[in-house]
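Please look through the model below before reading on.

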Amino acid sequence: MPEIPVRPGECHVWTARAVCVAHDLALLLDERERRVYESLTEERVRAQYVTAHALLRTVLGEVLDRDPAALSFAQGPHGKPYLADAPVEFSLSHSGELVAVALSLGAPVGVDVERVPVPSAELPLPVLSPAERAAYDLVPEPERAAAFTTYWVRKEAVLKATGEGLRVDPARLTVAAPDRPARLLDWRGRDRGRGAGQPHPPVRLYDLDAVDGYRGAVALLGGPHRIVPRSR
Ligand SMILES: CC(C)(COP(=O)(O)OP(=O)(O)OC[C@H]1O[C@@H](n2cnc3c(N)ncnc32)[C@H](O)[C@@H]1OP(=O)(O)O)[C@@H](O)C(=O)NCCC(=O)NCCS
């Protein structure tokens, strides 16, 4: 049994650092994951991949009381992984040295972590909606890279929760400004007659606790949920 069980209405988020390639972690991967892992040439990216996938398998194994190496993932139409034979929802993200896994019972979830780029980096500003761009333009220069990263993780967490990923133009979503509590304010074109500009069930957004140099967010469909931070 897991040390801290995941209860309905909770979303547990594990984070871990991927600092070096640990070959024993690769033993947990299935054939497809191992092929991807073997194809990666950069040590840093290999470490990130193997840590993320081993972490996902380990926490799912604990929560479901099953052998982590025997878990068999299916993929949704746009690549979101799921377990066909277990009532858990989960999401995985990796960036730089940080990996995160979010898990809930029954509510589709998306997690995204990103390293804050260096201040001189060119940022893909067209992913911001007009309302976000107007607020972003007022952010003082030295805070812009971090502010942009907050926008990005909040938007991507939503798109990972629905499973659509970057098939949807992130500029159609408007999330709250980085200095405001995380919230999806509008989704242009997403009106299914149950409330303009929002998907159904509604999306709830949460920021992850600050990890130096990174930003992170988790989105859940339905809820509300209590976010329970975990670490490995
Ligand atoms: C999912 C997606 C948003 C990933 O973003 P990212 O910041 O590069 O990567 P992250 O580390 O945060 O997330 C990657 C993980 O998300 C998961 N994932 C993949 N597709 C997903 C989807 N459609 N929805 C939710 N999660 C997805 C996988 O677990 C993946 O892990 P892996 O790559 O190690 O197998 C993006 O790659 C995407 O939209 N993919 C699907 C659509 C597509 O193929 N677009 C082509 C490029 S425009």
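A residue is called buried here if its relative accessible area is under 20%, exposed if it is over 50%, and partly exposed in between, with a 1.4 Å probe and protein chains only. Helices (H or I, at least four residues) and strands (E, at least two) are DSSP runs, numbered from the N terminus. The model is a predicted one, in which local features need pLDDT of at least 70 and side-chain atom pairs count only at pLDDT 80 or more, while totals for chains, interfaces and linings use all residues. Residues are numbered from 1 along each chain as its sequence is written, and side-chain values use heavy atoms, with hydrogens and water left out.

Four strands make up an open sheet of mixed pairing, in the order S4-S5-S1-S11, where two strands count as paired if DSSP finds at least two bridges between them. At the edges are strand S4 (89-95) and strand S11 (226-231), each of which pairs on one side only. From one strand to the next, the twist averages 20°.

Strand S5 (residues 98-104) pairs with strand S1 (residues 10-17) in the antiparallel sense over seven bridges; Val 13 has Ala 102 of S5 as its bridge partner, and His 12 has Leu 103. The pairing of S4 with S5 is also antiparallel, over seven bridges, and Ser 93 stands opposite Ala 100 in S5. S4 and S5 form a hairpin with two residues between them, and Gly 96 in the turn has a positive phi of about 55°.

In a regular strand, side chains alternate between the two faces of the sheet. In S5, Leu 98, Ala 100, Ala 102 and Ser 104 point one way and Val 99, Val 101 and Leu 103 the other, and all are buried. Seven of the seven residues of S5 are buried, so this strand is largely enclosed by the rest of the structure.

Helix H2 (residues 43-64) packs on the sheet and touches S1, S4 and S5, contact meaning heavy atoms within 4.5 Å.

A nonpolar core is a set of buried Ala, Val, Leu, Ile, Met, Phe, Trp, Tyr and Cys residues joined through side-chain atoms within 4.5 Å. The largest has 26 residues, and among those touching the most other members are Trp 14, Leu 55 and Leu 103. S1, H2, S4 and S5 each supply at least two residues of this core, and H2 gives the most, with nine. Apart from this core lies another, of 24 residues, among them Tyr 136 and Leu 173.

Key
Axes fitted to C-alpha atoms, helices over the stretch in contact; angles between N-to-C directions.
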